[in-house]
Amino acid sequence: MPKGRIEVLEEKCKSCGLCVDACPNKVLKISDRISSKGYRPAEQYKDGCVACKMCAMMCPDVAIEVYRIES
């Protein structure tokens, strides 16, 4: 099974939660941190990402970059 990770562009994320709902492996959550714009950005909080890109496709603010980890 492929492995991946995401990077959230915190200045673009508006905490809508669509990515969290779209993740099939439930590895995303809304952070407790607050961005400089006053939002709580999404974050990957555990392993299990398979780089499916569902989170990035659902993000209306194009705030998620997905990376596949080659082993």
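With which side chain does the side chain of Glu-43 make a polar contact? The partner is the side chain of Arg-33, at 3.2 Å; a polar contact is a pair of N or O atoms within 3.5 Å, where, within protein, one must be able to donate a hydrogen and the other to accept it, and residues adjacent in sequence count only if both atoms are side-chain atoms. The structure shown here is a predicted model, in which local features need pLDDT of at least 70 and side-chain atom pairs count only at pLDDT 80 or more, while totals for chains, interfaces and linings use all residues. Residues are numbered from 1 along each chain as its sequence is written, and side-chain values use heavy atoms, with hydrogens and water left out.

Not counting residues up to four places away in sequence, Glu-43 touches Val-8, Val-27, Leu-28, Lys-29, Ser-31 and Arg-33, where contact means heavy atoms within 4.5 Å.

Next come the charged pairs. Five salt bridges are found in a search of the whole structure, each being a side-chain nitrogen of Lys or Arg within 4 Å of a carboxyl oxygen of Asp or Glu. One of them pairs the side chains of Glu-43 and Lys-29, with 3.7 Å from N to O. This pair links distant parts of the chain, with Glu-43 in strand 3 and Lys-29 in strand 2, 14 residues apart. Through salt bridges that share partners, Glu-10, Lys-29, Arg-33 and Glu-43 are joined into one network.

Arg-33 is partly exposed at 39%, as are Glu-10 at 28% and Lys-29 at 30%. A further salt bridge joins the side chains of Glu-7 and Arg-5, at 3.8 Å from N to O.

Strand 1 has an uncovered face of Lys-3, Arg-5 and Glu-7, and a covered face of Gly-4, Ile-6 and Val-8. Strand 1 runs antiparallel to strand 4 (residues 64-69), and six bridges join the two; strands pair if DSSP finds at least two bridges between them. Across this pairing, Val-8 stands opposite Ile-64. Glu-70 follows in the segment after strand 4 and is exposed at 68%. Although Glu-70 and Gly-4 are 66 residues apart in sequence, their C-alpha atoms are 8.5 Å apart in space.

The largest nonpolar core has 16 residues, of which Ile-6, Val-8, Cys-19, Leu-28, Cys-55, Ile-64 and Val-66 touch the most other members. Such a core is a set of buried Ala, Val, Leu, Ile, Met, Phe, Trp, Tyr and Cys residues joined through side-chain atoms within 4.5 Å. Strand 1, helix 1 and strand 4 each supply at least two residues of this core. Leu-28 touches several residues beyond four places away in sequence, including Ile-6, Cys-19 and Cys-55.

The cysteines form zero disulfides, a disulfide being a pair of cysteine sulfur atoms within 2.5 Å. The sulfur of Cys-13 has its closest cysteine sulfur in Cys-19, at 6.1 Å, too far for a bond. For Cys-52, the closest cysteine sulfur is in Cys-23, at 6.2 Å, again too far for a bond. Cys-13 is buried at 10%, whereas Cys-52 is partly exposed at 36%.

Two backbone details complete the picture. Ser-15 has a positive phi of about 60° although it is not a glycine; this residue sits in the loop between strand 1 and helix 1 and is partly exposed at 24%. Val-62, likewise not a glycine, has a positive phi of about 50°. Val-62 lies in the loop between helix 2 (54-58) and strand 4 and counts as exposed at 58%.

Definitions and conventions:
Buried means under 20% relative accessible area, exposed over 50%, partly exposed in between (1.4 Å probe, protein chains only). Helices (H or I, at least four residues) and strands (E, at least two) are DSSP runs, numbered from the N terminus.
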